[in-house]
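Here is a short report to read alongside the structure. Keep the 3D view open as you go, and look up each residue when its name comes up.

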Amino acid sequence: MRKTVRCRLEGDSPTGGAVGDPDAGPSSAVEAAPLGAVSRLWHHGRVKFAAEDQNYLKQRELFSAETGPRELWGVVDHWPLYAGVANLARYLSISDLLRSTLGVPGHVAEFGTWRGATLMLLAKLLRIHDPSGPKVVHCFDTFEGLSAFADEDGDASKDAGRYRGSYEELLELMTLYDLGDDIDIHRGLIEDSLPALIERRPEISFSFVYCDTDLYDSTATILRELAPRVVAGGLIVFDEWNTERWPGEGIAVNEYLNENVGIFTVEAPLHTRQPTLALRKR
Ligand SMILES: C[S@@+](CC[C@H](N)C(=O)[O-])C[C@H]1O[C@@H](n2cnc3c(N)ncnc32)[C@H](O)[C@@H]1O
């Protein structure tokens, strides 16, 4: 007999998986909310959307306390009822970007998967829009949370271990949705697993690459290894470019662009805080 799964309406952060403290329960999420944990868009020492986000997190915490636990699938099946606008905007933006590459041959990849929300979105979107095509979603993560910090990451090492995922639960969900053949998981440090993949499969090409590790070394590795393997018209998309909270990702991208002029055109993802940058191969 299956166990009944109940969930609290704590949800994710306003902008999706990557923002907010994954280890914090609902009340500590509110306490942690005031600055850095809430939003990554900073200006002049202030955080854009911080007050709005803080209010939203507080309100939904009250809602959660009033309504109590809900049955998991009842929430999942009515997800637009519960998802925040910023969270929804992020996933719609990712959907639009992926759809703009459906006519481009090559595989899809996500770097930095955490629990797998964006990975599963990408795989399910391919099921909807390209059910007969050969595209596979390649997933790269240690599933152990943030590690491998560089000087360019500033004080990010204080977040070591944050965004720890569950490899086993991801496999169960892939089985539940029959996505085992649609997703290829490369478990381990990207700095090792990506060069190993390229060595094993020198022919491999990509049409859509989503970068969400937040950190310098892995982002630089992705650009070095995959920029030559993205097909014309394809995209490399960044979740944290130009965010003061996670400087390493932006520094790696800017260094690449300064050293490789004219290979990609730069696009701003529309109607969303994150992702923050898309590079389209010329
Ligand atoms: C912000 S979370 C990803 C969120 C996810 N993309 C989503 O939308 O829900 C960052 C992830 O990057 C992974 N990560 C960071 N650096 C890595 C590295 N060098 N190699 C492998 N995984 C890494 C962490 O384990 C973590 O799961």
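N242 sits in the loop that runs between strand 9 (230-238) and helix 10. In this predicted model, N242 has a positive phi of about 65 degrees, although it is not a glycine. Most residues other than glycine have a negative phi, and most peptide bonds are trans. Is N242 buried, partly exposed or exposed? N242 has 16 C-beta neighbours inside 10 Å, so it counts as partly exposed.

Now find D214, in the loop between strand 8 and helix 9. Its phi is near 75 degrees, which is again a positive value in a residue other than glycine. D214 is buried, because 25 other C-beta atoms lie within 10 Å and the cut-off for buried is 20 or more.

## A cis peptide bond

Which two residues does a cis peptide bond join? They are Q274 and P275, and omega is about 0 degrees there. You will find P275 in the loop between strand 10 and strand 11 (277-281).

## The protein as a whole

Let's step back for a moment. The protein has 10 helices and 11 strands. Of its 282 residues, 38% count as buried.

Among contacts between residues at least 6 apart in sequence, 72% join residues at least 24 apart. L88 belongs to helix 5, and it counts as partly exposed because it has 15 C-beta neighbours inside 10 Å.

Next, trace the open sheet formed by seven strands, in the order 7-6-5-8-9-11-10, with mixed pairing. Strand 7 (183-187) and strand 10 (264-267) stand at the edges; each has a single partner strand, so one side of each is left without a neighbour in the sheet. On average, neighbouring strands of this sheet are turned by 15 degrees against each other, direction ignored. Strands of a sheet pair through backbone hydrogen bonds, either parallel or antiparallel.

Strand 5 (residues 107-111) and strand 8 (residues 206-211) run parallel and are joined by five bridges. Here F111 stands opposite C211 of strand 8. Helix 8 (residues 190-200) packs on the sheet, where it touches strand 5, strand 6 (137-141) and strand 7; the direction of helix 8 makes about 145 degrees with that of strand 6.

How many of the five residues of strand 6 are buried? The count is five of five, so strand 6 is mostly covered. In a regular strand the side chains alternate between the two faces of the sheet. In strand 6, V137, C139 and D141 lie on one side and H138 and F140 on the other, and all of them are buried.

## Two pairs of packed helices

Helix 9 (residues 216-226) and helix 10 (residues 247-259) pack at an angle of about 30 degrees, and their axes are 7 Å apart. The two helices are therefore roughly parallel to each other. Helix 9 passes helix 10 in a right-handed crossing. From helix 9, Y216, T219, A220 and L223 make the contact, and from helix 10, G248, E249, I251, A252, V253 and Y256 do. These contact residues divide into seven nonpolar, two polar and one charged.

For the second pair, turn to helix 5 (residues 85-99) and helix 6 (residues 117-129). They pack at an angle of about 45 degrees, with axes 11 Å apart, and that makes helix 5 oblique to helix 6. Their crossing is right-handed. Y91, I94, S95, L98 and R99 of helix 5 meet T118, L121, L122, L125 and H129 of helix 6. This contact is made up of six nonpolar, three polar and one charged residue.

Definitions and conventions:
Residues are numbered from 1 along each chain as its sequence is written. This is a predicted model: local features need pLDDT of at least 70, side-chain atom pairs count only at pLDDT 80 or more; totals for chains, interfaces and linings use all residues. Axes are lines fitted to C-alpha atoms, for helices over the stretch in contact, and angles run from 0 to 180 degrees between N-to-C directions. Helices (H or I, at least four residues) and strands (E, at least two) are DSSP runs, numbered from the N terminus. Angles under 35 degrees count as roughly parallel, over 145 as roughly antiparallel, 65 to 115 as roughly perpendicular and the rest as oblique. A crossing is left-handed if the near helix is turned anticlockwise from the far one by less than a right angle, and right-handed if clockwise. Two residues are in contact if their C-beta atoms, placed from the backbone, lie within 7 Å. Ala, Val, Leu, Ile, Met, Phe, Trp, Tyr, Cys and Pro count as nonpolar, Asp, Glu, Lys and Arg as charged, and the others, Gly among them, as polar. Two strands pair if DSSP finds at least two bridges between them. A residue is buried if 20 or more other C-beta atoms lie within 10 Å of its own, exposed if 12 or fewer, and partly exposed in between; C-beta atoms are placed from the backbone.
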